[in-house]
Amino acid sequence: MTYDSDFEPLLRGYLLRVTHAYMCHTMILPTLASKTLFGDHSFLKRWKDGALGFSIKTYDEAMAHLSFVWPADLEWPDGIPRPEPRERDFSPRRKKKDAA
């Protein structure tokens, strides 16, 4: 068995397909979808353009949040695993030195 190093493009494609289906169904603009889903109005554009990389954690959090806000009358896209719904917390994270 060989190692497949193409996970980032695969996961990027999954997230873009799910996000696109959500935006088309809800009829919201990409900037509003980006703010609603990722807490940053320019995230989707920068991420789609390849200006941002992402970690598996970011992917998991984004997909779980999409699953959480997913409209009941919309089928999840075929061929893309749907995670358990989980609301994402977009509140600013405090740095450890600020917590003391």
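Reader: Which residues does Leu 66 touch, not counting residues up to four places away in sequence?

Author: In this predicted model, Leu 66 touches Leu 15, Val 18, Thr 19, Tyr 22, Leu 37 and Trp 76, with residues up to four places away in sequence not counted.

Reader: How many residues does the largest nonpolar core have, and which have the most contacts inside it?

Author: The largest nonpolar core has 21 residues. Those with the most contacts inside it are Leu 15, Val 18, Phe 38, Tyr 59, Met 63, Leu 66 and Trp 76.

Reader: Which helices each supply at least two residues of this core?

Author: Helix 1 (7-26), helix 2 (30-38), helix 3 (43-48) and helix 4 (56-69) each supply at least two. Helix 1 gives the most to this core, with 7 residues. As a general point, nonpolar side chains in soluble globular proteins tend to be buried together.

Reader: Stepping back, how many helices and strands does the protein chain have?

Author: The secondary structure comes to 5 helices and 0 strands. Along the sequence, the pattern reads α-α-α-α-α.

Reader: And what percentage of the residues in the protein chain is buried?

Author: Of the 100 residues in the protein chain, 31% are buried. As for contacts with a separation of 6 or more, 56% of them are between residues 24 or more positions apart.

Reader: At what angle do helix 2 and helix 4 pack?

Author: The angle is about 105 degrees, and the axes of helix 2 and helix 4 are 10 Å apart. Because angles of 65 to 115 degrees count as roughly perpendicular, helix 2 is roughly perpendicular to helix 4.

Reader: Which residues make that contact?

Author: From helix 2, the contact uses Thr 36, Leu 37 and Phe 38. From helix 4, Ala 62, His 65, Leu 66 and Val 69 take part. By class, the contact of helix 2 with helix 4 has 5 nonpolar, 2 polar and no charged residues.

Reader: A new topic: where is Arg 12 found, and is it buried or exposed?

Author: Arg 12 is found in helix 1. Arg 12 counts as buried because its relative accessibility is 14%, and the cut-off for buried is under 20%.

Reader: What joins the side chains of Arg 12 and Glu 8?

Author: A polar contact of 2.6 Å joins the two side chains of Arg 12 and Glu 8.

Reader: Leaving aside its neighbours within four places in sequence, which residues is Arg 12 in contact with?

Author: Arg 12 is in contact with Trp 47, Lys 48, Gly 50, Leu 52, Gly 53 and Phe 54, once those neighbours are left aside.

Reader: Take Lys 48 from that list: where does it lie, and is it buried or exposed?

Author: Lys 48 lies in helix 3 and is exposed, at a relative accessible area of 59%. Not counting residues up to four places away in sequence, Lys 48 touches Arg 12 and Leu 16. The C-alpha atoms of Lys 48 and Arg 12 are separated by 8.0 Å, although the two residues are 36 residues apart along the chain.

Reader: Where does Gly 50 lie, and how far apart in space are Gly 50 and Arg 12, C-alpha to C-alpha?

Author: Gly 50 lies in the loop between helix 3 and helix 4. C-alpha to C-alpha, Gly 50 and Arg 12 are 9.6 Å apart in space, and 38 residues apart in sequence. With a relative accessible area of 47%, Gly 50 is partly exposed.

Reader: Turning to Ser 34, is it buried or exposed?

Author: Ser 34 is buried, with a relative accessible area of 0%. Ser 34 is found in helix 2. Residues up to four places away in sequence aside, Ser 34 touches Gly 39, Asp 40, His 41, Ser 42, Phe 43 and Leu 44.

Reader: And Lys 45, is it buried or exposed?

Author: Lys 45 is exposed, with a relative accessible area of 58%, and lies in helix 3. Lys 45 and Thr 31 are 14 residues apart in sequence and 8.1 Å apart in space, C-alpha to C-alpha.

Reader: One last item: what is the phi of Met 27?

Author: Phi of Met 27 is near 60 degrees, a positive value in a residue other than glycine. In general, most residues other than glycine have a negative phi. Met 27 lies in the loop between helix 1 and helix 2 and is exposed, with a relative accessible area of 74%.

Conventions. Residues are numbered from 1 along each chain as its sequence is written. This is a predicted model: local features need pLDDT of at least 70, side-chain atom pairs count only at pLDDT 80 or more; totals for chains, interfaces and linings use all residues. Side-chain values use heavy atoms; hydrogens and water are left out. A nonpolar core is a set of buried Ala, Val, Leu, Ile, Met, Phe, Trp, Tyr and Cys residues joined through side-chain atoms within 4.5 Å. Buried means under 20% relative accessible area, exposed over 50%, partly exposed in between (1.4 Å probe, protein chains only). Helices (H or I, at least four residues) and strands (E, at least two) are DSSP runs, numbered from the N terminus. Contact means heavy atoms within 4.5 Å. A polar contact is a pair of N or O atoms within 3.5 Å; within protein, one must be able to donate a hydrogen and the other to accept it, and residues adjacent in sequence count only if both atoms are side-chain atoms. Axes are lines fitted to C-alpha atoms, for helices over the stretch in contact, and angles run from 0 to 180 degrees between N-to-C directions. Angles under 35 degrees count as roughly parallel, over 145 as roughly antiparallel, 65 to 115 as roughly perpendicular and the rest as oblique. Ala, Val, Leu, Ile, Met, Phe, Trp, Tyr, Cys and Pro count as nonpolar, Asp, Glu, Lys and Arg as charged, and the others, Gly among them, as polar.
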